[in-house]
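Work through the exercises below with the sequence and the model at hand. Each task is followed by its solution in steps.

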Amino acid sequence: MTEPRAILFDLDGTLLTMDTEAFVKRYIERLGAYTAHIIEPQKLGASLWEATKHVMQDDDGTKTNAEVFQQKFLDLTGLAYDTVWPVFDQFYADEFPVLQEDCGPHPYAAKVVEEAKRQGYHVVVATNPVFPGVSIIERLRWAGFAAEDFVHVTVFEEAHYCKPNPNYFREISESIGIPPERCIMIGNDMQQDMVAEEVGMQTFLVEDYKIDRGVPQHRVTASGMMKQLYDMLVSQQGPFIKKSE
């Protein structure tokens, strides 16, 4: 019996065309304006960054990212959960969809995902789970997908680690029941995506919207534009795992 194989796809800057820095700036500004009646926008922004940083550094694994974020954010702001979280929830329902603006499906994203499925790969969305699930599902929609198109999507409310923690990739591997050595991580971020090689995954660095902060550097199995990724997948060259391996 052929052992299963999986391809993990980053979302922002990989399946979804996005200038991440510009998007985050718009997001913070809109959320700040939406919640200004309960917290000063500058304090909100600083608290969001600090709480998110805390989540990304957390390595305990006993709480979900949502639980870790919530506790830190409330401690930083002094706000009560019942005061702020219903407003956050309403923001994601009312305002977050407006943030799409310059984001959209990558021309080769659907082709790559469809071909991966055709070849029998289990496909996963391995986006950094620092946003509520509703916002991840919305960004998937911008990219032309639904959560049901994938066997697993990493979300804030379920994940216990973030990129670039290697345990983030181990948790995905355990969740889908496929060992890391039979997984390929595809993403545009050298530091946050290519760290998957540390747990034994093969990697492909997408260069269309490449992010590279310089350090640390990771071993990259292959790299190129999304079109090159598609061509490699079709020809089963580069990092791709053959069924017989």
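Two residues are in contact when heavy atoms of theirs lie within 4.5 Å. This is a predicted model, in which local features need pLDDT of at least 70 and side-chain atom pairs count only at pLDDT 80 or more, while totals for chains, interfaces and linings use all residues. Residues are numbered from 1 along each chain as its sequence is written, and side-chain values use heavy atoms, with hydrogens and water left out.

**Exercise 1.** Find the contacts of Thr-20, leaving aside its neighbours within four places in sequence.

Solution. 
- Step 1: Thr-20 lies in helix α1, residues 20-34 (helices are DSSP runs of H or I with at least four residues, strands runs of E with at least two, numbered from the N terminus).
- Step 2: list the contacts. With those neighbours set aside, Thr-20 touches Asp-12 and Ile-211.
- Step 3: classify the exposure. Thr-20 is partly exposed because its relative accessibility is 27% (buried is under 20% relative accessible area, exposed over 50%, partly exposed in between, with a 1.4 Å probe and protein chains only).

**Exercise 2.** Determine which residues of α2 are buried and what they pack against.

Solution. 
- Step 1: check the helix length. The 17 residues of α2 should span 24 Å at 1.5 Å a residue, and the end C-alpha atoms are 24 Å apart, so the two agree (the expected span is 1.5 Å times one less than the number of residues).
- Step 2: list the buried positions. They are Leu-44, Gly-45, Ser-47, Leu-48, Ala-51, Thr-52 and Val-55.
- Step 3: find their partners. The buried residues of α2 pack against α1, α3 and α4.
- Step 4: look at the start of α2. There a side-chain oxygen of Glu-40 comes to within 3.1 Å of the backbone nitrogen of Gln-42.

**Exercise 3.** Is Thr-14 buried or exposed, and what does its side chain join?

Solution. 
- Step 1: locate Thr-14. The loop between β1 (6-9) and β2 (16-17) holds this residue.
- Step 2: read the accessibility. Thr-14 counts as buried because the value is 0%.
- Step 3: find the side-chain partner. A polar contact of 3.0 Å links the side chains of Thr-14 and Asp-10 (a pair of N or O atoms within 3.5 Å; within protein, one must be able to donate a hydrogen and the other to accept it, and residues adjacent in sequence count only if both atoms are side-chain atoms).
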